[in-house]
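Let's walk through this model together, starting with the whole chain and then stopping at two residues.

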Amino acid sequence: MPFPRQSLARARRRAAAVALAAAAFGAGADDASDRRVLERHPIDAAVEERLLALDAERISERDVWEVLARVPAPRIINLEGSLPVVTMASFAEFLVAMGYPEERIRGPGGTLSYTSSVDARRLAGTLAWYYEREGMMPMLIGHSQGGMVAIRVLYELAGEFGDSIPVWNPLSGAAEARTTIVDPRTGVERPVVGLTIPYVVALATGKLPRILLGQWTMVARLRNIPDTAEEFTGFSLEWDPIAGNFGSAEPYRAIGSARIRNVILPPKASHLSLPLAKELALDPVARDWIDRYVPGPGTASLPSGALAELPNLLHAADIWYSVKKHWCLEAQRLIRDARRSAAPLQ
């Protein structure tokens, strides 16, 4: 069913506005001598105050377009499954249509969807490179095997597979001759190992494929999340033969202090088509529900009526809620850190 032209035009206008903001914040991002993002891209004082006044747990559509679109945003890396019959491009386009800066989702070469065959150690080094230069740690959203890669990155950063991780330059496609960065928040040199990621997602990631693909190091670790994630959400289908679920889904657990949420997806959802979310942002009714969605305690629930027939509505809304939240928190942290560093010594 085609969506109203007004909705499509509205989404395009908003995406264009965000693209302009992203271009402003992205300009000069390759200047290695200047790692202070707010010095490169100062924020209007009134916008700063509005940003600091936001409740990250209650970000409205208006807050996105009037405040968050005018401040820096963390990068989002969308990792596709092992057989990318469906890539993560549609989900990335959903995020852009909802208001996320496209420049902060596209990788080198313009990709919206990263292959899950990427080396997790290299990806961990890439995250460190972005953090050092942009002052904000990227977020990871992985589908199927992409979720496994995201979890493997957490273990790499926890030092589980080695004491050091080389910084990886995604622009040159090569490792740099160092395993430390200058932390943009403190100005102090620190190792890549030990960095934390604010928000990580695993969509329909199961143990059975890890066994079939010989990924033995991750079988026992897959449901245990280390402290290198601040917040982790695992989305599962109870009946998902591809993931190895036959009537139940094993929950994710925190090894230590990571905040973990387990969300069971509705039976109508399908493992392979979970990334297909772009059209949800162009449907005015679905979009309104997504914008107002707030996860509650216990089992997440879908609305009644026609919206209940949209199989990808729940995880799209849940992820967008958390993306907005961490966009806000990271931008607020950036402002507060900058203000502290500028404060005169007493």
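**A tour of the chain**

Of the 346 residues in the chain, 52% are buried, where buried means under 20% relative accessible area, exposed over 50% and partly exposed in between (1.4 Å probe, protein chains only). This is a predicted model, in which local features need pLDDT of at least 70 and side-chain atom pairs count only at pLDDT 80 or more, while totals for chains, interfaces and linings use all residues. Residues are numbered from 1 along each chain as its sequence is written, and side-chain values use heavy atoms, leaving out hydrogens and water.

The average pLDDT (the predictor's confidence in each residue, from 0 to 100) is 87 for the chain, and 86% of the residues score at least 70. Residues 1–35 have a pLDDT below 50, yet in the model this stretch has 47 contacts beyond near neighbours in sequence; contact means heavy atoms within 4.5 Å. Where pLDDT is low, the predicted coordinates should not be read in detail.

Eleven helices and 13 strands make up the chain's listed elements; these are DSSP runs numbered from the N terminus, with helices (H or I) of at least four residues and strands (E) of at least two.

Now find glutamine 145, in helix α7 (residues 145–157). Glutamine 145 counts as buried because its relative accessibility is 8%. Its side chain joins that of glutamine 215 through a polar contact of 2.8 Å, that is, a pair of N or O atoms within 3.5 Å; within protein, one must be able to donate a hydrogen and the other to accept it, and residues adjacent in sequence count only if both atoms are side-chain atoms.

For a contrast, turn to phenylalanine 246 in strand β11 (residues 245–246). Phenylalanine 246 counts as exposed because its relative accessibility is 53%.
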